[in-house]
Amino acid sequence: MRRTPLVFALAATAALAACGENSPNSAAEISPAVSEPAAGVPARAAPPARATPEQQAATPTGGVQGGTDNWRSVATPRDASLLGRLDQAWRMSRAEAETAGFARQVEALGPLVDPNAAQAGQLQPAPGDYRCRTIRLGRHAEGQGAAFVEQPWAACSVEMTPGGDLILAKTAGPQRMRGLLYPDTDRRLVYVGAQAVGEAQKTVPAAYGQDTARDQVGVLERIGQNRWRLVLPWPRQDAKLELVEITR
């Protein structure tokens, strides 16, 4: 498989992070142009032999989940439609949490719960270890569950596969998750992944499409220096909107 422009952009991001240039001062500095490979650059070496199904689930390298940088060709129409109702999920979930008596807790979260807090540039977190926590807003169904839930911090990671894909994973806590990050706009990436369940999936995580009840689609946005949020609208259980705050 040839390297796509996405691979070069992600590799450049990782290189900047390694050199300590992870905090640029202007939008121009944090939005590097994506260019086509120069003429005469040799094609990438042939990929290794196809992995077993277990290896594919654990490490979705290029080709395992579509072999594309177009998330619309991977997500189901049903899941893609959830992103089209993202604004509605924000409005309803915040209003429900505040009406239920959690206005102070919601306000204290600042940019994390501001629908307009996404910043342009430096969208891809550099590969490495992170800490994250999950916030749930609104009830999944009328009268069921809590309208506001704040979970403790847990371990997360960002990994770049040999194929150039960027994987976001929550590796600890009661509900783990793992998925690929795809380019979308200048203010967000799209996450397509799955929520893990059970002891077996600690070593072989679920992959998108294996179990529709665990599939997830959301957007990853940068909301500060070394701070991102994963926004999951209309999750299949527990809330109307799920936020995963990610930081160093």
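Q: What makes a space in this predicted model a cavity?
A: A cavity is a set of grid points where a 1.4 Å probe fits but cannot get out. Under that definition, the second largest cavity has a volume of about 50 Å³.

Q: Which residues line the second largest cavity, and what makes a residue part of a lining?
A: A lining residue has an atom within 4 Å of a point of the cavity. Among those lining the second largest cavity are T134, R136, Q216 and E242. By class, this lining divides into one nonpolar, five polar and four charged residues.

Q: How many cavities of 30 Å³ or more does the search of the whole structure find?
A: The search finds four. In the largest cavity lies about 140 Å³ of space. Of the 18 residues lining the largest cavity, D215, Q216, W234, P235 and R236 are the closest to its centre. Two or more lining residues come from each of α3 (77-84), β7 and β8, and β7 gives the largest share, three residues. The lining of the largest cavity has seven nonpolar, four polar and seven charged residues.

Q: Why is W234 called buried?
A: Buried means under 20% relative accessible area. The relative accessibility of W234 is 14%, and therefore W234 counts as buried. This residue is found in the loop between β8 and β9 (241-247).

Q: Why does N226 count as buried?
A: The cut-off is again 20%. N226 has 18% relative accessibility, so N226 counts as buried. N226 lies in the loop between β7 (215-224) and β8 (227-233).

Q: What do β7 and β8 form, and how many residues lie between them?
A: These strands form a hairpin with two residues between them, and N226 in the turn has a positive phi of about 55°.

Q: How do you know that β7 and β8 pair?
A: Two strands pair if DSSP finds at least two bridges between them. β7 and β8 have five bridges, in the antiparallel sense, which meets the definition.

Q: Why is β7 described as largely enclosed by the rest of the structure?
A: Ten of the ten residues of β7 are buried, so β7 is largely enclosed.

Terms used:
Residues numbered from 1 in each chain as written. Predicted model: local features only at pLDDT ≥ 70, side-chain atom pairs only at ≥ 80, totals over all residues. Heavy atoms only, no water. Helix = DSSP H or I, 4+ residues; strand = E, 2+ residues; numbered from the N terminus. Buried < 20%, exposed > 50% of the residue type's maximum accessible area, 1.4 Å probe, protein only. 1 Å grid on protein atoms, 1.4 Å probe; cavity = no way out; pocket = protein on both sides within 12 Å on 5 of 7 lines; lining within 4 Å. Points joined across faces, edges and corners; volume = space filled by probe spheres on them. Nonpolar A, V, L, I, M, F, W, Y, C, P; charged D, E, K, R; others polar.
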